Amino acid sequence: MRKKLFRAATLFICHLLLLSLFSCGEDVKNTKTVFAMDTVMTLTAYGKDTSAALDTAAKTIRELDKKLSYSGKESEVYKLNSSGGKPVKADDDLLTPLKVSLDVSEKSGGALDVTVFPVVKAWGFISKEYTVPTDNKLASLLKNVDWSSVKISEDSVSVPENAEIDLGAVAKGYASERAAETLISKGVKSAVISLGGNVRTVGTKPDGSKWNVAVVDPTEPGTKTVGTLKLGETSVVTSGGYQRYFEKNGKRYHHIIDPKTGRPAESGLISVTVVCDDGTYADALSTALFVLGLDKAMEYYREYGGFEAVFITDDKKITVTDGLVSAFTVSDDSGFEYAK
Ligand code: AMP
Ligand code: MG
């Protein structure tokens, strides 16, 4: 099992493999690798003298890792979870991802829910000691799962004493956004920030053409892609059951929990890739839409919009929202059915 998990983690790192990153002419390519948020992250910038900007962006990510992690003395989330239900002062780094999460929670009918954390822990996705919780255990934990119990004011947040939150579903998206802001403020015009399944691009490729972002085949994530997206400056985030899971008695249990059942979501979707100008929203949405399933996800898209998506279902079909049809090219040997 360990081997499988290790392989899944490695594949996750390779997820949304970036193609054609080669620069031309005088543009220098600079890369920095950071390990944060349980993920190997790669920051790549093009142009002269981008090294200091990359260092600052990496520092930004490391600081956010400490602030937004569920544990540790410097963690704002930990402070909130151990505040006994009292309001805790919060800065933008906590408020922004939390506000985005709650907005998506409301619009998705609770498919995304930061208070699902105790359930995530019960499955062992935090300790990595995996177990299948009993029905009773899940029922008792679900009593305290309710995103609407999280209260936000201008500069503080509170969660009830018997609840705990975790920003695992949005923190990388927020971090990619802050890292991009840092690079842009330092004059970087062309860059790719790749945080596991979260990709944030800055500008275009140095020659002015669009980036190619591959969409991984969720059934063979290490070796195959189902297609490629040609995109300018944006965020591309994928949630998939293949990114973290364990197996017990021949059944696979993945890390995206349906807050209604307390169990890994079985919505028929095996991967959702969201393209959105805001990385925090892209991350929140990819998790929420994965839980909702294709039909409800499309309802969400039609009602609220503001993003595009590639959906892959367990019956081996690819569905692409209207705004991405011209950007998406299906792989010749994808083995998936793609109807425009
Ligand atoms: P992502 O990889 O962005 O889809 O986020 C998945 C991570 O968020 C999991 O590893 C859990 O820590 C947490 N999580 C799982 N299910 C949910 C959910 N329904 N709402 C909020 N967070 C979740
Ligand atoms: Mg997410």
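**A sheet and its helices**

Guide: In this predicted model, three strands form an open sheet in the order S4-S6-S5, with antiparallel pairing. Strand S4 (88-89) and strand S5 (151-152) each have a single partner strand and stand at the edges, so one side of each lacks a neighbour in the sheet. In general, the strands of a sheet pair through backbone hydrogen bonds, either parallel or antiparallel. Here S4 pairs with strand S6 (residues 156-158) over 2 bridges, in the antiparallel sense. Within S6, serine 156 is the bridge partner of lysine 89.

Let us turn to helix H6 (residues 135-142), whose buried residues are Leu138, Leu141 and Leu142. These residues lie on the same side of H6, because they cover an arc of only 100 degrees around the axis. The buried residues of H6 pack against helix H5 (117-122) and strand S15 (263-264).

A further pair of helices may be considered. The axes of helix H8 (residues 279-292) and helix H9 (residues 294-304) cross at roughly 135 degrees and come within 6 Å. This angle makes H8 oblique to H9. On the side of H8, the contact is made by Leu285, Leu289 and Leu292, and H9 contributes Leu294, Lys296, Ala297 and Tyr300. Sorted by class, the contact of H8 with H9 has 6 nonpolar residues, 1 charged residue and no polar ones.

Methods: Residues numbered from 1 in each chain as written. Chains lettered and ligands numbered in written order. Predicted model: local features only at pLDDT ≥ 70, side-chain atom pairs only at ≥ 80, totals over all residues. Heavy atoms only, no water. Axes fitted to C-alpha atoms, helices over the stretch in contact; angles between N-to-C directions. Helix = DSSP H or I, 4+ residues; strand = E, 2+ residues; numbered from the N terminus. Parallel < 35°, antiparallel > 145°, perpendicular 65-115°, else oblique. Contact = heavy atoms within 4.5 Å. Nonpolar A, V, L, I, M, F, W, Y, C, P; charged D, E, K, R; others polar. Buried < 20%, exposed > 50% of the residue type's maximum accessible area, 1.4 Å probe, protein only. Arc of directions from axis to C-beta. Pairing = 2+ DSSP bridges.
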